Amino acid sequence: RRKLRSDVAAAFPTLSTEQLAELIPNKEELNVIKIYSHKGEAITVYMNHRNPILFEVEKVLYPTVYTLWVYPDLLPAFATWPPVLQKLAGGADLMLPGVVVPSSGLPQVQRGTLCAVTLLGNRAPVAVGVATMSTEEMLAAGMKGKGFAVLHTHLDHLWEYGDKSSPPTLAPLATDSAAKESAGDEEELQGKEPVSSCSPEPEQHVGIRDLSLKDRDTCAQLLGQEELRESRAAEAAEDASTEEQQEPEDSRTPQEQMDALFNQCFFHALKCKVKKSDLPLLTSTFLGSHMFSCCPAGKQLDIKKSSYKKFSKFLQCMQHQKILQVKELNKGVESIVEVDWKHPDIKAFAVPEGFSSASAAQDSKSEDREQVYRAPEIIPLYGVSTKMIPLFQESGHRKGSILSSSEVRNIIIDYVKSNELVDETNKNFVKVNAILCDCLLDKSEQDEISHLKWDELLSRCLERLQPLHQVTFFGQEPVVRKGNIEPIDISIAQRSSNKKVTIIKNLELYGLDPQCVANTLQQKVQASATITPAPGAKDRVQVQIQGNQIHHLAKMLLEDYQLPRKYIQGLEKAPKLGRKK
């Protein structure tokens, strides 16, 4: 209970100590239950006074509407029209055309901020959601597209776990009144209760989904064209990217156009290119093979020109919207492990004209995947080991400091010159002082060697530093790993009846999808290829294909994928020409 209180205090710093004690009391009963969403996600629910007060998903705490009715100002609030609640409770996200913009302006939030949704005329929140874009981006988009990914609402199943009470009637703030006036409703609302005629009375809130046609007509007349626009948007039949594309190109900044293009290609790829059998799918393969092939003619995807800057951040945003799930199956190598094919945004996406189903099938072939693969950038690095600390501390480095080979070279040169260790008679030699002796010489050499050549001095230094390497996949942040990178290992194994098989390991380390490589080889050599777990390597697989296929494999890795030969081991085992493979 103490840990929960501290977690709540960290998640919602505006709560005072008294409010925390009231929300999570010391002596009263507090129940914890675990439920599962329709997608199989485990959700922890905290119950107090028979009502769910908090729910936790993936170690993130969210307040329920019962809690927000007690603390209505806990989260930034955005108002919408009363008929929208039925659609939100039915599973729709809140689209920006359905958000009421008050004259004082919208609350300033960033993408990913947890927000509350209220109904016009009542400050009591009726939904909890996460902003899919910042306030500036909402306004820049002309209040079009999806604004909030809704997590929980009044009238949903989580609300039904409680006493099923209705939202209280809380007087709107001045900003809400201004919003009403700006909507042209001032005459209709004068002299009436804070809850307008198109919002049910408090005791009728449970029946919002049962509003009569007459009531809906009254609401439509009162709210005018803006409400009708919202009705269409809240059906979740329009995707944010599709709506943005309908805007004239000159009305959007280049960054907004690139964001829209990424959204279009993302949903196009999920809807037409990726199958359930393709999962888990490397994110680099998804971008290079699937999304690139969905890019319209004359346009080019460039993540650096978007607001995301990195493809991993784009995928994090999509993961937050529960469209897919990304996991790091190997260190620094992310894969898409799950896709919600029934997500409204995927189902509502319309394939742009010019992309036929036949062309989509052709684009998904492995030949296209080869052409768009981008080899990772691999840079050897060096870490300062305990033994080498005396040599590097003068330059301000400590144990564990990570350096490139050029940085190591410059540090050694500066050390030698600052300590005047260059031999006066032959400048190709360096005098070995006590520190160089301890760091670079073995015990048997310490009494014999007094000078070292420059190149030997540097090579000995690099040998005694901890080997590291940095891998940078296209569209992702650089990842530093310990040790030297393992090469792609190709070996030949003997099977029963004197049959040979080619085994390929460590493809994942280079951003290659083993299944994609297996499919491509299988088509090229017309031989059976399988994927099996790699022995002794957790979460890795190996490709096994019948026969000695090293010639075909070498051509694919060196020419098609353009991987440097130094990162491929076993090419010398190729069958000699003129002999049966």
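In the predicted model, strand β5 (residues 77-80) and strand β7 pair in the parallel sense over four bridges, where two strands are taken to pair if DSSP finds at least two bridges between them. Within this arrangement, A77 has A116 of β7 as its bridge partner. Strands (E, at least two residues) and helices (H or I, at least four residues) are DSSP runs, numbered from the N terminus. Because the structure is a predicted model, local features need pLDDT of at least 70 and side-chain atom pairs count only at pLDDT 80 or more, whereas totals for chains, interfaces and linings use all residues. Residues are numbered from 1 along each chain as its sequence is written, and side-chain values use heavy atoms, with hydrogens and water left out.

Strand β7 also pairs with strand β8 (residues 122-131), here in the antiparallel sense and over six bridges, and V117 stands opposite A127 in β8. The two strands β7 and β8 form a hairpin with two residues between them, and G121 in the turn has a positive phi of about 100°.

Elsewhere, S289 lies in helix α12 (residues 283-291) and is buried, with a relative accessible area of 7%. The C-alpha atoms of S289 and R374 are separated by 10.0 Å, although these residues are 85 residues apart along the chain.

Technical notes
Buried < 20%, exposed > 50% of the residue type's maximum accessible area, 1.4 Å probe, protein only.
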